[in-house]
Amino acid sequence: MADASRPMIKGRFTTCELVKREELTSDLIKFWIKPAQDYTFKPGQYCTIGVDGIERPYSISSSPDEENIELFIEVVPVEHGGHLTPLLDHQKVGAEMTLRPRAKGIFVLQPQYKHHIFVGTVTGVVPYISMLRKFLNDPAWPEPVDGVAREDYTFHVLEGASYDDEFGYDEELNELAAKHNFIKFYPSVSRPNEERNANWTGAKGRINVLVDDYLEKLGVDPKETCVYACGHPQMIEDVGVRMEPTDYNFIEERFWKEDE
Ligand SMILES: Cc1cc2nc3c(=O)[nH]c(=O)nc-3n(C[C@H](O)[C@H](O)[C@H](O)COP(=O)(O)OP(=O)(O)OC[C@H]3O[C@@H](n4cnc5c(N)ncnc54)[C@H](O)[C@@H]3O)c2cc1C
(Lines give C-alpha, C1' and ligand atoms only; values in the text may rest on other atoms or scores of the structure.)
Protein backbone atom coordinates (compact mmCIF):
# COMPACT_ATOMS: atom_id res chain seq x y z
CA MET A 1 0.00 0.00 0.00
CA ALA A 2 1.28 3.48 -0.86
CA ASP A 3 2.50 5.56 2.09
CA ALA A 4 0.68 8.92 1.85
CA SER A 5 3.45 10.71 3.79
CA ARG A 6 6.06 9.84 1.16
CA PRO A 7 6.39 11.57 -2.19
CA MET A 8 5.57 9.41 -5.22
CA ILE A 9 7.97 9.38 -8.14
CA LYS A 10 6.27 10.41 -11.35
CA GLY A 11 7.49 9.45 -14.81
CA ARG A 12 9.82 6.69 -15.90
CA PHE A 13 12.41 5.34 -13.53
CA THR A 14 14.49 2.25 -13.10
CA THR A 15 16.53 1.02 -10.14
CA CYS A 16 20.12 0.57 -9.10
CA GLU A 17 21.89 -1.40 -6.40
CA LEU A 18 24.42 0.05 -4.01
CA VAL A 19 27.36 -2.31 -4.53
CA LYS A 20 30.02 -0.47 -2.52
CA ARG A 21 30.37 2.53 -0.26
CA GLU A 22 33.30 4.29 1.34
CA GLU A 23 33.28 6.98 4.04
CA LEU A 24 35.93 9.66 3.63
CA THR A 25 34.87 11.85 6.54
CA SER A 26 31.73 12.03 8.70
CA ASP A 27 29.93 13.87 5.88
CA LEU A 28 31.60 12.69 2.67
CA ILE A 29 30.81 9.31 1.13
CA LYS A 30 31.55 7.56 -2.13
CA PHE A 31 28.90 5.30 -3.63
CA TRP A 32 29.28 2.74 -6.39
CA ILE A 33 25.91 1.86 -7.89
CA LYS A 34 24.99 -0.81 -10.41
CA PRO A 35 22.08 0.16 -12.67
CA ALA A 36 19.44 -2.55 -13.25
CA GLN A 37 19.34 -1.60 -16.94
CA ASP A 38 21.93 -0.45 -19.47
CA TYR A 39 22.94 3.06 -18.58
CA THR A 40 24.87 5.44 -20.80
CA PHE A 41 26.28 8.87 -20.07
CA LYS A 42 28.85 11.35 -21.25
CA PRO A 43 31.73 12.25 -18.91
CA GLY A 44 30.58 15.28 -16.92
CA GLN A 45 26.89 14.36 -16.88
CA TYR A 46 24.79 13.53 -13.84
CA CYS A 47 22.41 10.77 -12.82
CA THR A 48 19.32 11.15 -10.66
CA ILE A 49 18.91 8.71 -7.79
CA GLY A 50 16.22 8.45 -5.14
CA VAL A 51 15.17 6.85 -1.87
CA ASP A 52 11.59 6.84 -0.56
CA GLY A 53 10.47 9.03 -3.44
CA ILE A 54 13.04 11.80 -2.77
CA GLU A 55 15.31 12.30 -5.77
CA ARG A 56 18.42 14.40 -6.40
CA PRO A 57 20.96 14.73 -9.22
CA TYR A 58 24.56 13.56 -8.72
CA SER A 59 27.44 14.09 -11.10
CA ILE A 60 29.21 10.89 -12.03
CA SER A 61 32.92 10.43 -11.31
CA SER A 62 33.39 7.12 -13.08
CA SER A 63 34.17 6.88 -16.77
CA PRO A 64 31.35 5.49 -18.96
CA ASP A 65 33.50 2.41 -19.66
CA GLU A 66 33.56 1.37 -15.98
CA GLU A 67 31.21 -1.33 -14.71
CA ASN A 68 29.61 0.69 -11.92
CA ILE A 69 28.62 4.32 -11.55
CA GLU A 70 30.73 6.10 -8.96
CA LEU A 71 29.40 9.05 -6.96
CA PHE A 72 30.97 11.36 -4.39
CA ILE A 73 28.34 12.74 -2.04
CA GLU A 74 28.35 15.36 0.70
CA VAL A 75 25.80 14.64 3.40
CA VAL A 76 23.74 17.71 4.35
CA PRO A 77 22.45 17.00 7.88
CA VAL A 78 18.69 17.17 8.50
CA GLU A 79 19.23 20.17 10.79
CA HIS A 80 20.82 22.01 7.84
CA GLY A 81 17.91 21.17 5.56
CA GLY A 82 19.17 17.92 4.01
CA HIS A 83 16.52 15.56 2.66
CA LEU A 84 17.97 12.80 0.49
CA THR A 85 21.55 12.77 1.75
CA PRO A 86 20.68 11.75 5.33
CA LEU A 87 18.79 8.82 3.79
CA LEU A 88 21.70 7.98 1.46
CA ASP A 89 24.02 8.00 4.46
CA HIS A 90 21.99 5.12 5.92
CA GLN A 91 21.94 2.96 2.78
CA LYS A 92 23.79 -0.30 3.19
CA VAL A 93 25.56 -2.29 0.47
CA GLY A 94 22.87 -4.27 -1.36
CA ALA A 95 20.22 -1.53 -0.95
CA GLU A 96 18.03 -0.71 -3.94
CA MET A 97 17.48 2.91 -4.96
CA THR A 98 15.60 4.48 -7.83
CA LEU A 99 17.48 5.75 -10.85
CA ARG A 100 16.12 7.88 -13.65
CA PRO A 101 16.86 6.02 -16.88
CA ARG A 102 18.73 8.87 -18.60
CA ALA A 103 21.82 10.81 -17.60
CA LYS A 104 21.59 14.54 -18.20
CA GLY A 105 23.70 17.66 -18.29
CA ILE A 106 25.76 19.83 -20.61
CA PHE A 107 28.74 20.33 -18.30
CA VAL A 108 30.95 18.20 -20.51
CA LEU A 109 34.40 18.47 -22.05
CA GLN A 110 34.71 21.35 -24.53
CA PRO A 111 37.04 19.67 -27.04
CA GLN A 112 37.45 22.78 -29.19
CA TYR A 113 39.83 24.26 -26.58
CA LYS A 114 43.37 23.09 -25.90
CA HIS A 115 43.61 23.95 -22.22
CA HIS A 116 41.07 22.89 -19.62
CA ILE A 117 41.07 24.59 -16.23
CA PHE A 118 38.89 22.44 -13.99
CA VAL A 119 37.95 24.44 -10.87
CA GLY A 120 35.95 22.63 -8.18
CA THR A 121 35.09 22.63 -4.50
CA VAL A 122 35.11 19.22 -2.74
CA THR A 123 32.43 17.14 -4.57
CA GLY A 124 32.65 19.62 -7.47
CA VAL A 125 35.72 17.72 -8.67
CA VAL A 126 33.51 14.79 -9.70
CA PRO A 127 32.78 15.62 -13.37
CA TYR A 128 36.49 16.26 -14.01
CA ILE A 129 37.42 12.80 -12.71
CA SER A 130 35.06 11.23 -15.23
CA MET A 131 36.49 13.34 -18.07
CA LEU A 132 40.11 12.55 -17.14
CA ARG A 133 39.47 8.82 -16.73
CA LYS A 134 37.71 8.68 -20.08
CA PHE A 135 40.46 10.67 -21.79
CA LEU A 136 43.11 8.31 -20.45
CA ASN A 137 41.09 5.11 -21.09
CA ASP A 138 39.96 5.89 -24.61
CA PRO A 139 42.42 7.21 -27.21
CA ALA A 140 39.47 7.86 -29.56
CA TRP A 141 37.85 10.31 -27.11
CA PRO A 142 37.03 13.09 -27.55
CA GLU A 143 36.18 13.05 -31.23
CA PRO A 144 38.80 15.07 -33.12
CA VAL A 145 38.06 18.76 -33.54
CA ASP A 146 39.61 20.82 -36.35
CA GLY A 147 42.75 22.61 -35.24
CA VAL A 148 43.16 20.74 -31.94
CA ALA A 149 45.29 17.60 -31.80
CA ARG A 150 44.93 15.17 -28.89
CA GLU A 151 48.53 15.97 -27.92
CA ASP A 152 47.56 19.65 -27.53
CA TYR A 153 45.27 19.03 -24.57
CA THR A 154 46.30 20.06 -21.08
CA PHE A 155 44.17 19.58 -17.97
CA HIS A 156 44.54 21.52 -14.73
CA VAL A 157 42.46 20.46 -11.73
CA LEU A 158 42.19 23.30 -9.19
CA GLU A 159 40.35 21.93 -6.17
CA GLY A 160 39.40 23.83 -3.06
CA ALA A 161 38.31 22.40 0.30
CA SER A 162 38.17 23.58 3.88
CA TYR A 163 40.23 20.56 5.02
CA ASP A 164 42.81 18.33 3.38
CA ASP A 165 40.81 15.13 4.06
CA GLU A 166 37.98 16.40 1.85
CA PHE A 167 39.63 16.29 -1.59
CA GLY A 168 38.26 12.84 -2.37
CA TYR A 169 40.40 12.10 -5.42
CA ASP A 170 43.73 13.64 -4.40
CA GLU A 171 45.60 10.33 -4.48
CA GLU A 172 44.39 9.58 -8.00
CA LEU A 173 45.03 13.13 -9.20
CA ASN A 174 48.52 13.26 -7.69
CA GLU A 175 49.33 9.96 -9.40
CA LEU A 176 47.99 11.16 -12.74
CA ALA A 177 49.91 14.43 -12.46
CA ALA A 178 53.12 12.54 -11.65
CA LYS A 179 52.62 10.26 -14.65
CA HIS A 180 51.39 12.70 -17.31
CA ASN A 181 52.89 16.13 -17.86
CA PHE A 182 49.65 17.32 -19.47
CA ILE A 183 47.75 16.84 -16.18
CA LYS A 184 48.28 19.17 -13.22
CA PHE A 185 46.64 19.01 -9.80
CA TYR A 186 46.53 22.12 -7.61
CA PRO A 187 44.64 21.57 -4.34
CA SER A 188 44.21 24.33 -1.80
CA VAL A 189 42.76 24.42 1.73
CA SER A 190 40.86 27.48 2.88
CA ARG A 191 41.36 26.93 6.64
CA PRO A 192 45.11 26.26 6.83
CA ASN A 193 45.47 27.25 10.47
CA GLU A 194 43.02 24.73 11.86
CA GLU A 195 44.31 21.63 13.64
CA ARG A 196 42.65 19.32 11.11
CA ASN A 197 45.00 20.77 8.45
CA ALA A 198 48.12 20.45 10.63
CA ASN A 199 49.89 18.26 8.06
CA TRP A 200 48.99 20.38 5.05
CA THR A 201 51.96 21.78 3.14
CA GLY A 202 50.25 22.76 -0.12
CA ALA A 203 48.48 25.90 -1.34
CA LYS A 204 46.38 27.95 1.05
CA GLY A 205 43.31 30.07 0.39
CA ARG A 206 40.02 29.90 -1.46
CA ILE A 207 40.42 28.30 -4.86
CA ASN A 208 38.40 31.03 -6.62
CA VAL A 209 40.89 33.63 -5.40
CA LEU A 210 43.84 31.56 -6.62
CA VAL A 211 42.51 31.05 -10.15
CA ASP A 212 43.79 34.39 -11.55
CA ASP A 213 47.28 33.79 -10.24
CA TYR A 214 47.32 30.22 -11.55
CA LEU A 215 46.22 31.36 -15.02
CA GLU A 216 48.75 34.16 -15.10
CA LYS A 217 51.60 31.78 -14.25
CA LEU A 218 50.34 29.22 -16.76
CA GLY A 219 50.43 31.83 -19.50
CA VAL A 220 48.23 30.04 -22.04
CA ASP A 221 46.20 31.84 -24.70
CA PRO A 222 42.79 32.60 -23.11
CA LYS A 223 41.05 32.05 -26.45
CA GLU A 224 42.40 28.48 -26.50
CA THR A 225 41.38 27.85 -22.90
CA CYS A 226 38.16 26.87 -21.16
CA VAL A 227 37.69 27.51 -17.45
CA TYR A 228 35.14 25.18 -15.84
CA ALA A 229 33.68 25.79 -12.38
CA CYS A 230 31.67 23.21 -10.46
CA GLY A 231 30.32 22.86 -6.93
CA HIS A 232 29.77 25.68 -4.43
CA PRO A 233 27.65 28.49 -5.93
CA GLN A 234 29.68 31.31 -4.34
CA MET A 235 32.92 29.94 -5.75
CA ILE A 236 31.31 29.68 -9.19
CA GLU A 237 29.87 33.18 -8.99
CA ASP A 238 33.28 34.61 -8.11
CA VAL A 239 35.19 32.69 -10.79
CA GLY A 240 32.55 33.82 -13.31
CA VAL A 241 33.07 37.47 -12.32
CA ARG A 242 36.85 37.05 -12.62
CA MET A 243 36.54 35.54 -16.10
CA GLU A 244 33.99 38.09 -17.33
CA PRO A 245 36.44 40.80 -18.48
CA THR A 246 38.87 38.24 -19.98
CA ASP A 247 38.95 36.19 -23.19
CA TYR A 248 38.83 32.90 -21.26
CA ASN A 249 35.85 30.73 -22.12
CA PHE A 250 33.80 29.82 -19.07
CA ILE A 251 31.23 27.14 -18.22
CA GLU A 252 29.69 26.23 -14.89
CA GLU A 253 27.68 23.62 -12.96
CA ARG A 254 26.07 24.74 -9.69
CA PHE A 255 25.24 21.98 -7.22
CA TRP A 256 22.79 24.12 -5.28
CA LYS A 257 21.41 27.64 -5.21
CA GLU A 258 22.67 30.13 -2.67
CA ASP A 259 19.23 31.27 -1.53
CA GLU A 260 18.03 27.66 -0.89
C1 LIG B 1 23.68 18.95 -11.68
C2 LIG B 1 23.91 18.65 -10.21
C3 LIG B 1 24.90 17.75 -9.84
C4 LIG B 1 25.13 17.49 -8.50
N5 LIG B 1 26.13 16.64 -8.14
C6 LIG B 1 26.41 16.43 -6.84
C7 LIG B 1 27.51 15.59 -6.45
O8 LIG B 1 28.25 15.04 -7.28
N9 LIG B 1 27.72 15.41 -5.11
C10 LIG B 1 26.93 16.02 -4.16
O11 LIG B 1 27.18 15.81 -2.96
N12 LIG B 1 25.90 16.82 -4.51
C13 LIG B 1 25.62 17.03 -5.81
N14 LIG B 1 24.56 17.82 -6.16
C15 LIG B 1 23.66 18.32 -5.07
C16 LIG B 1 22.59 17.25 -4.80
O17 LIG B 1 21.72 17.15 -5.90
C18 LIG B 1 21.75 17.58 -3.56
O19 LIG B 1 21.20 18.86 -3.65
C20 LIG B 1 22.59 17.47 -2.28
O21 LIG B 1 23.14 16.17 -2.18
C22 LIG B 1 21.74 17.72 -1.03
O23 LIG B 1 20.61 16.87 -1.08
P24 LIG B 1 19.57 16.84 0.10
O25 LIG B 1 18.29 16.25 -0.44
O26 LIG B 1 20.13 16.17 1.30
O27 LIG B 1 19.33 18.36 0.46
P28 LIG B 1 18.47 19.36 -0.42
O29 LIG B 1 17.03 19.25 -0.06
O30 LIG B 1 18.81 19.19 -1.88
O31 LIG B 1 19.06 20.72 0.05
C32 LIG B 1 18.97 21.13 1.40
C33 LIG B 1 19.76 22.37 1.62
O34 LIG B 1 21.15 22.12 1.51
C35 LIG B 1 21.78 22.97 0.54
N36 LIG B 1 22.85 22.14 -0.07
C37 LIG B 1 22.73 21.22 -1.06
N38 LIG B 1 23.93 20.62 -1.29
C39 LIG B 1 24.79 21.17 -0.41
C40 LIG B 1 26.16 20.97 -0.14
N41 LIG B 1 26.90 20.08 -0.81
N42 LIG B 1 26.71 21.71 0.84
C43 LIG B 1 25.99 22.61 1.54
N44 LIG B 1 24.68 22.84 1.33
C45 LIG B 1 24.10 22.14 0.36
C46 LIG B 1 20.65 23.37 -0.37
O47 LIG B 1 20.89 24.60 -0.96
C48 LIG B 1 19.47 23.46 0.60
O49 LIG B 1 19.49 24.67 1.30
C50 LIG B 1 24.33 18.12 -7.51
C51 LIG B 1 23.32 19.01 -7.88
C52 LIG B 1 23.12 19.30 -9.21
C53 LIG B 1 22.05 20.30 -9.59
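On conventions, residues are numbered from 1 along each chain as its sequence is written. Because the model is predicted, local features need pLDDT of at least 70, side-chain atom pairs count only at pLDDT 80 or more, and totals for chains, interfaces and linings use all residues.

I start with the sheet. It is open, has six strands in the order 10-9-8-7-11-12, and its pairing is parallel. Strands are DSSP runs of E, at least two residues, and helices are runs of H or I, at least four, both numbered from the N terminus; two strands pair if DSSP finds at least two bridges between them. Strand 10 (203–204) and strand 12 are the edges, each pairing on one side only.

Now two of the pairs. Strand 7, residues 115–121, and strand 8, residues 154–161, share seven bridges, and Ile-117 has His-156 in strand 8 as its bridge partner. Strand 11, residues 225–231, is joined to strand 12, residues 249–254, by six bridges. There, Cys-226 stands opposite Asn-249.

Strand 11, helix 5 (residues 233–243) and strand 12 form a right-handed β-α-β unit; right-handed means that, with the strands pointing away from the viewer, the path from the first strand over the helix to the second runs clockwise.

Last, helix 2, residues 126–137. Its 12 residues should span 16 Å at 1.5 Å a residue, and its end C-alpha atoms are 17 Å apart, which agrees; the expected span is 1.5 Å times one less than the number of residues. Of those 12 residues, 10 are buried, so helix 2 is largely enclosed by the rest of the structure. Buried means 20 or more other C-beta atoms within 10 Å of the residue's own, with C-beta atoms placed from the backbone. Among the buried residues are Tyr-128, Arg-133 and Phe-135.
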